[in-house]
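Welcome! Let's take a walk through this structure together, one part at a time.

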Amino acid sequence: MTALLVIAKEPRPGRVKTRLTPPFTPRQAASLAEASLADTLDAVAAAPAGRRVLVLDGEPGPWLPPGFDVVPQCAGGLDERLADAFARCAGPALLIGMDTPQVTPELLAVDFTGCDAWFGPAEDGGFWALGLARPDPALLRGVPMSTSATGAVQRDRLVAAGLRVRDLPRLRDVDTAADAHAVAALAPGGRFAARLAGCAAPASRTDGGAGRLSPCAAPDSRPAGPR
């Protein structure tokens, strides 16, 4: 059965979602990142999988549900870190990031019958998911990351290797405030949408904060899990 991998950063202020600042503060951006990660892990926990792995830069927190193996990210660029994540897999694997909290368990239930790879394009030109029936780190090393051509280059790399590729739906990553609001509207019942609503509420006029964004709601203290 397919292994499901999530590559993520520990949601700490100043280390994650820096493009959300401004309009959000570093603390708010980290809170939104935590909610996005928790929703993502919920979806993975509810999807069929032979193994669930969090490939983490940092330390796990109360947002991590049971049933996940946690492994550290290696040093190097994102292409090297993605390649290393696949190198740890002995069989079919699907890897996603932490930036698409609207993902569902159904999207992650990929079947490699009749294909060698699954590719999930992102609206910004990158990709939100990559699945390989036979993980080969060389398919990722050297792909330029975080550009508008990243997805096209990665998909072309798969095709050039002779792989039969199937595409997942195009999803929007949460990188900017506009992305955050658009994605929250797609999954209004999730932690991310609720956290964003708490961040975006105007601060009380009684504390002199008229017109400012309020602090986000306190992070969940309960473990994440299927809703």
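The paragraphs below go from a helix to a sheet and then to the cysteines.

Please keep in mind that this is a predicted model.

Next, turn to the strands. Seven of them form an open sheet with mixed pairing, in the order β3-β2-β1-β4-β6-β5-β7. At the edges sit β3 (69–72) and β7 (165–167), each of which pairs on one side only. Direction ignored, neighbouring strands of this sheet are turned by 20° against each other on average.

Let's stay with β7 for a moment. Its pairing with strand β5 (residues 117–121) is in the parallel sense and runs over three bridges. To find one of these places, look for W118, whose bridge partner in β7 is R166. Helix α4 (residues 150–160) lies across β5, β6 (127–132) and β7, and runs at about 15° to β6.

Finally, what about the cysteines? A disulfide is a covalent bond between the sulfur atoms of two cysteines. Counting pairs of cysteine sulfur atoms within 2.5 Å gives zero disulfides here. C115 is buried, because its relative accessible area of 3% is under 20%. C74, in turn, counts as partly exposed at 25% relative accessibility.

Key
Residues are numbered from 1 along each chain as its sequence is written. This is a predicted model: local features need pLDDT of at least 70, side-chain atom pairs count only at pLDDT 80 or more; totals for chains, interfaces and linings use all residues. Side-chain values use heavy atoms; hydrogens and water are left out. Two strands pair if DSSP finds at least two bridges between them. Helices (H or I, at least four residues) and strands (E, at least two) are DSSP runs, numbered from the N terminus. Axes are lines fitted to C-alpha atoms, for helices over the stretch in contact, and angles run from 0 to 180 degrees between N-to-C directions. Contact means heavy atoms within 4.5 Å. Buried means under 20% relative accessible area, exposed over 50%, partly exposed in between (1.4 Å probe, protein chains only).
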